[in-house]
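Dear colleague,

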Amino acid sequence: MHPQGIIDLSVGTPVDATPDFIQEALKASTNAPGYPLTAGSADLRQAIRTWAQSRLGATGDFDVLPVLGSKELVAWLPTLLEAQSVLYPDIAYPTYSVGAILAGVVGTPVSISPQLWPQADFAWVNSPSNPTGRVHSEKELSDVVAWSRSNHSLVVSDECYLEFGHTALPTSILSLTDGDNTNILAVHSLSKRSNMAGYRAAFVIGDSKIIARLREVRKHAGMIVPMPIQMAMIAALGDDHHVAIQRSRYNARREKLIPALERFGFTVEESRAGLYIWCTRNEPDWDSIAALADLGILATPGHFYGEKGARHIRVALTATDDQIAAASKRLLDHQKISL
Ligand SMILES: Cc1ncc(COP(=O)(O)O)c(C=O)c1O
């Protein structure tokens, strides 16, 4: 136990407040005697649609559907769409693999490049990535769209960190389809964008036929976003200012922590956007975790995200500015003592 206590940089759960105007929208909507629409209210659908066009660059025919946080969708999408085989990044958010297990189908970890992917009817991409903070180039995303078209396979792009670009600017797959969104879905979440993880508010955008199928099955399965949450989502989507503030918070934390981790002996890789620093000391991940634990800093071992991560760790930026400053100081002070 460290005398100044533990600084937890292991779990990616937001710590900054939900903006007041979003809390107000929720409070103003507590009179909700009737069932909400699975499809989302007309106002929510319009808010998502407008945001998809203006922020993501979506064009052509597409539909939208609110979901109960994106983890729920990630875990159940292969089941709901009766996928036969699921591809996901070889260093990735573990729920992609969970989704294949729940569906009872083979899940295969794959590299970034679709030219190397095996045949499958369902593939996940994730940019910016959890855990690496890697951002796909437009070329890489266009190659994924081309793979979808030539294989007639569904591609689902998990873009829940898209708003948090830093040294690379993330692009939505929806801006690269030339208006033909057949077999393309993009998943978005307000958990991190608007510090609403406790609300469970997310949505999926894309191929109208697939969204219609999802809407139907989710309606009968009771996967319905509560009305007060729908109202809070409309408020959140109508404002970009709070997102810019949150982006600069995370980016300032990244700029503070990266040099301290480097002085401590870590090599930082990717980490160009999103909520995480991905780094290595060229040793087994548990050794790096133990070295940080000696300083009272908790991080996550990389093998949680796939075998390829076994010599890396993930450090989350979801801690207060004071905690990030304290963690940096512990890392730098330790270096001074050992010099
Ligand atoms: C890549 C990725 N997708 C989806 C989620 C799920 O987020 P939520 O369920 O809060 O929308 C997370 C959460 O950490 C994530 O890292």
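The notes below go from the whole chain to its domains and then to the contact between them.

Please keep in mind throughout that this is a predicted model. The protein chain holds 11 helices and 13 strands, and its radius of gyration is 20 Å, close to the 20 Å that the globule rule gives for 339 residues, so the chain is as compact as a globular protein of that length. Computed along its principal axes in the computational sense, the C-alpha trace spans about 60 × 50 × 35 Å. Of the 339 residues in the protein chain, 46% are buried, and among the contacts with a separation of 6 or more, 74% are between residues 24 or more positions apart.

The chain is divided into two parts, with domain 1 made up of residues 7-16 together with 242-338, and domain 2 covering residues 20-238. Between the C-alpha centres of domain 1 and domain 2 there is a distance of 27 Å, and the contact draws 27 residues from domain 1 and 27 residues from domain 2.

On the side of domain 1 that touches domain 2, α9 (241-263) and β10 (276-280) each supply at least two residues, and the largest share, 7 residues, comes from α9. Sorted by class, that side of domain 1 has 10 nonpolar, 9 polar and 8 charged residues.

With best regards

Definitions and conventions:
Residues are numbered from 1 along each chain as its sequence is written. This is a predicted model: local features need pLDDT of at least 70, side-chain atom pairs count only at pLDDT 80 or more; totals for chains, interfaces and linings use all residues. Domain bounds come from an automatic or database domain assignment. Two residues are in contact if their C-beta atoms, placed from the backbone, lie within 7 Å. Helices (H or I, at least four residues) and strands (E, at least two) are DSSP runs, numbered from the N terminus. Ala, Val, Leu, Ile, Met, Phe, Trp, Tyr, Cys and Pro count as nonpolar, Asp, Glu, Lys and Arg as charged, and the others, Gly among them, as polar. The radius of gyration is taken over C-alpha atoms; the globule rule is 2.2 Å times the number of residues to the power 0.38. A residue is buried if 20 or more other C-beta atoms lie within 10 Å of its own, exposed if 12 or fewer, and partly exposed in between; C-beta atoms are placed from the backbone.
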